[in-house]
Amino acid sequence: MNQVVEKAHLFIVREFPNIVRDVSIEIVKKGHYTSNVLVMRICNGEDKVMKIIANSHEVSQVLDEILDYHAYLRNAGVSVPNSIGFYKFEPGGDLVEVAQFCGESLDDILSKADDDSCRQIVYMICRDVMNPLFQTSSGLILDIGLDPIPRNMTLFFNGSNFIVVYIDFIPPKINGILEIPEPEDSQTREMGFLRHYDKRGLTLNLLMQLSRLRPDKRDLFKEVIFQEMKHSGEYEVIRFLEETPSINFKFDDKGRIQHQIEKLTGFGLDYYILRDVACEICAKTGSDCSKLEKVFMHTHFSSCPPSHDNIKKAKFEIISMLETTTLNNQRQMSLVM
Ligand SMILES: Nc1ncnc2c1ncn2[C@@H]1O[C@H](COP(=O)(O)OP(=O)(O)OP(=O)(O)O)[C@@H](O)[C@H]1O
Ligand SMILES: [Mg+2]
């Protein structure tokens, strides 16, 4: 038996002795904070996930915040698993999170979804996660945040309806916590805060992460996000999106676009605009998604902002996507001729 599954069995024998006979376990994913996510079906037919936490020691120190965070989201009406619990797994002392299994991950669903399903899913993300969270503050800044990436959400049938569920509570986006370990650099903190606790950054990141998965559906994602923000009265967010250059992108002169990209600093809000410009250009040029992934890879950051060199590499990839258009146009032109 696989070592992780074996370990999980041992854990279940100890913590849930009454259900162990009928349990079946399967590894579904690996995450950044969770070294393994396993799904187990217990004897009453209910599925649970068991997340073995990778950096248990650091996570243990914010356990109270994680439980508070889950409870706060739940009370705010954000769709989350009914309950989460933490266990210490000896020997080794691994920390294990056990939660209700809430269906297939949205990144897997979206990667094969048609127009109607994409539209429906983004509508549900806004209805079940973003809007209830945004209702917790009349301003743009939230006390409690989240990371609006499709792999942090699942699609769940609750017996009568499909709902989107937010499933990731580590690190807890509460009390200004951003990462584990917490970044000290002030520019990094500002960028993390914008992404996780500011309605504008949250919405831009949602659009960007959806577009990253499916650049071909970007216009549709924009349309539903604008519609839902309007519906819930988030006019400041709408104004922000309307003024964001990557959303209002004009595809005219290549030299002008190149100049616009070069001007972006890659820090603060510009950092997110740079990533989103990459999504927009990928969507409009029909360019290879691997170039877009390279942009995301070069611009990834954790304890300090991406280096100038990496920002330069990301810009190079974005500009090379524009070459694709030229190539496509030339190809089309030669076909016409
Ligand atoms: N309650 C749940 N129900 C169904 N699937 C889940 C649940 N919790 C986690 N998963 C699956 O496990 C994956 C990783 O979980 P989670 O986001 O909590 O870990 P992570 O360490 O933050 O990973 P990542 O950094 O990739 O987001 C999710 O993308 C999802 O597919
Ligand atoms: Mg996650």
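Me: Which residues does aspartate 276 touch, not counting residues up to four places away in sequence?
Reply: This is a predicted model. In it, aspartate 276 touches Leu204, Leu207, Met208 and Ser246, leaving out residues up to four places away in sequence.

Me: Where does aspartate 276 lie?
Reply: Aspartate 276 lies in helix H11, residues 268-285.

Me: Is aspartate 276 buried or exposed?
Reply: Buried. It has 23 other C-beta atoms within 10 Å, and a residue counts as buried because 20 or more lie within that distance.

Me: What separates the C-alpha atoms of aspartate 276 and phenylalanine 296?
Reply: They are separated by 9.9 Å. Along the chain, the two are 20 residues apart.

Me: New topic, helix pairs. How are two packed helices described?
Reply: By the angle between their axes and the distance between the axes.

Me: OK, at what angle do H7 and H9 cross?
Reply: Roughly 55 degrees. Their axes come within 9 Å. H7 covers residues 199-213 and H9 covers residues 235-243.

Me: What does that make H7 relative to H9?
Reply: Oblique.

Me: Is the crossing of H7 and H9 right-handed or left-handed?
Reply: It is right-handed.

Me: Which residues make the contact?
Reply: From H7, Lys199, Arg200 and Thr203. From H9, Val237, Phe240 and Leu241. By class, that contact has 3 nonpolar, 1 polar and 2 charged residues.

Me: What about H5 and H8, at what angle do they cross?
Reply: Roughly 35 degrees, with the axes coming within 9 Å. H5 is residues 115-134 and H8 is residues 218-231. This crossing is right-handed.

Me: Which residues of H5 and H8 make the contact?
Reply: H5 gives Asp115, Cys118, Arg119, Val122, Tyr123, Cys126 and Asn131. H8 gives Leu220, Phe221, Val224, Ile225 and Glu228. They divide into 8 nonpolar, 1 polar and 3 charged.

Me: Let's switch to the backbone. Which residue does a cis peptide bond join to proline 171?
Reply: Isoleucine 170. Omega there is about -5 degrees. Most peptide bonds are trans.

Me: And which residue does a cis peptide bond join to proline 181?
Reply: Isoleucine 180. Omega is about -5 degrees for this bond.

Me: Where do these prolines lie?
Reply: Proline 171 lies in the loop between strand S8 (162-166) and helix H6 (186-197). Proline 181 lies in the loop between S8 and H6.

Me: What is the phi of asparagine 175?
Reply: It is positive, about 55 degrees, although asparagine 175 is not a glycine. Most residues other than glycine have a negative phi. Asparagine 175 has its place in the loop between S8 and H6.

Me: Is asparagine 175 buried or exposed?
Reply: Exposed, with 11 other C-beta atoms within 10 Å.

Me: How does alanine 71 count?
Reply: As partly exposed, with 14 C-beta neighbours inside 10 Å. Alanine 71 is found in helix H3, residues 63-75. Its C-alpha atom and that of proline 181 are separated by 23 Å.

Me: Last topic, the ligand. Which residues come nearest to ligand 1?
Reply: Gly31, His32, Tyr33, Ser105 and Asp168, out of the 21 residues around ligand 1.

Me: Which strands each supply at least two residues of the shell?
Reply: S1 (24-29), S2 (34-41), S3 (47-53) and S5 (94-100).

Me: How many residues of each class does the shell have?
Reply: The shell around ligand 1 has 9 nonpolar, 8 polar and 4 charged residues.

Notes. Residues are numbered from 1 along each chain as its sequence is written. Chains are lettered from A and ligands numbered from 1 in the order in which they are written. This is a predicted model: local features need pLDDT of at least 70, side-chain atom pairs count only at pLDDT 80 or more; totals for chains, interfaces and linings use all residues. Axes are lines fitted to C-alpha atoms, for helices over the stretch in contact, and angles run from 0 to 180 degrees between N-to-C directions. Helices (H or I, at least four residues) and strands (E, at least two) are DSSP runs, numbered from the N terminus. Angles under 35 degrees count as roughly parallel, over 145 as roughly antiparallel, 65 to 115 as roughly perpendicular and the rest as oblique. A crossing is left-handed if the near helix is turned anticlockwise from the far one by less than a right angle, and right-handed if clockwise. Two residues are in contact if their C-beta atoms, placed from the backbone, lie within 7 Å. Ala, Val, Leu, Ile, Met, Phe, Trp, Tyr, Cys and Pro count as nonpolar, Asp, Glu, Lys and Arg as charged, and the others, Gly among them, as polar. A residue is buried if 20 or more other C-beta atoms lie within 10 Å of its own, exposed if 12 or fewer, and partly exposed in between; C-beta atoms are placed from the backbone. A residue is near a molecule or strand if its C-beta atom, placed from the backbone, lies within 6 Å of it.
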